[in-house]
Amino acid sequence: MKVFNGHSDIFLKVHEDRLLGRGDSLEEFREDFKEGEVDAAVLVLYTDEHAEDPRDYLREMGKTVARSLGENAHWITHVKSREDLSAEGPKILVGMEGMRGLSGAEELYQWKEELHLAHGSLTWNEKNIFAAGAAVPDREGGLTPEGRRALATMEELGIVVDVSHLNDRSTGEVLRSVHGPVIASHSNPRALREVARNLPDDLLKAVADTGGVVGLNSIGSFLGESEGERSLEGFFRHLDYTVNLLGVDHVGLGFDFTAFLEEYRGILPGEKGFPSAVDLYRESQIPRLLEGMRAMGFYEGEMEKIAHGNFYRLFSSVLR
């Protein structure tokens, strides 16, 4: 069964490897994509929160990504338009997780032209000129005038708007400002796990009301507090709750796998500091998730929507 992953940080490793002189590492994920039947994935640009010059960091990462997409064109398709979503083999959509590295909304035109930006979230967890992220209390910030200009530009250019990483106030204000479908690419229900990065039921419903999709996240701390909850079974708990809340047409998969980053830094699955679910942390494990969904009683058609169809439908409707 084909899978559409709504959020991946693979480009962060690719960029770090470039900076360390290790060459391109996107090819390392080819077998995982094959085993997980990943048909499409949103791979994001990200501005390191510790970067002295966020604008320079983002531009350099953009150069790395452009080079990597060119060097891996033999096995992946860089999605530049909605027609590319129908290409054979794995497809990568370029996203931007947080716009801290932009000086204003007008720069989105350049990113669309140069990297065919398909997705964007206004913030990571910080407060910037566009909005306030999940680490910022609602009383301290929300959507700004520049953020509204960014939303209008994204809608004009056919860039999918993502509210994951925004605080509640910014999320609500974004949802009231847009005119098309919105995603929460990698967020879980806060009703099951009380953390700022998860969303309350009213905002999850508001995302669905735009015609949007909520992609469920496999990061252990977003699934639960105990080791047993930070697992595939914990993921199933969030999946069941979200489908019952929103309906099968508004739920997708936004795994946010980070094992490749933690293993790269010497932290192995199951060890203290390893953030992902202990048995769901890379693409090759996705078939176990699908088997579990069948055991839960999902019909094949429902599984296809959650695994692939809902995100595919949404991106097809927004991309030009």
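## Basis of the model

This is a predicted model, in which local features need pLDDT of at least 70 and side-chain atom pairs count only at pLDDT 80 or more, while totals for chains, interfaces and linings use all residues. Residues are numbered from 1 along each chain as its sequence is written, and side-chain values use heavy atoms, with hydrogens and water left out.

## Aromatic pairs

Seven aromatic pairs are found when the whole structure is searched, a pair being two rings of Phe, Tyr or Trp (its six-membered ring) with centres within 6.5 Å, called stacked if the planes are under 30 degrees apart, edge-to-face if over 60 and tilted for the rest. The rings of Phe4 and Phe315 are stacked, because their centres are 5.5 Å apart and their planes stand at 25°. Since Phe4 belongs to strand 1 (residues 3-8) and Phe315 to helix 12 (residues 300-318), this pair ties together parts that are 311 residues apart in sequence; helices (H or I, at least four residues) and strands (E, at least two) are DSSP runs numbered from the N terminus. Both Phe4 and Phe315 are buried, and together with Phe311 they form one aromatic cluster.

Phe33 lies in helix 2 (residues 30-35), and Trp75 in the loop between helix 3 (54-71) and strand 3 (77-78), 42 residues apart. Trp75 also counts as buried, at 8% relative accessibility.

Definitions and conventions:
Buried means under 20% relative accessible area, exposed over 50%, partly exposed in between (1.4 Å probe, protein chains only).
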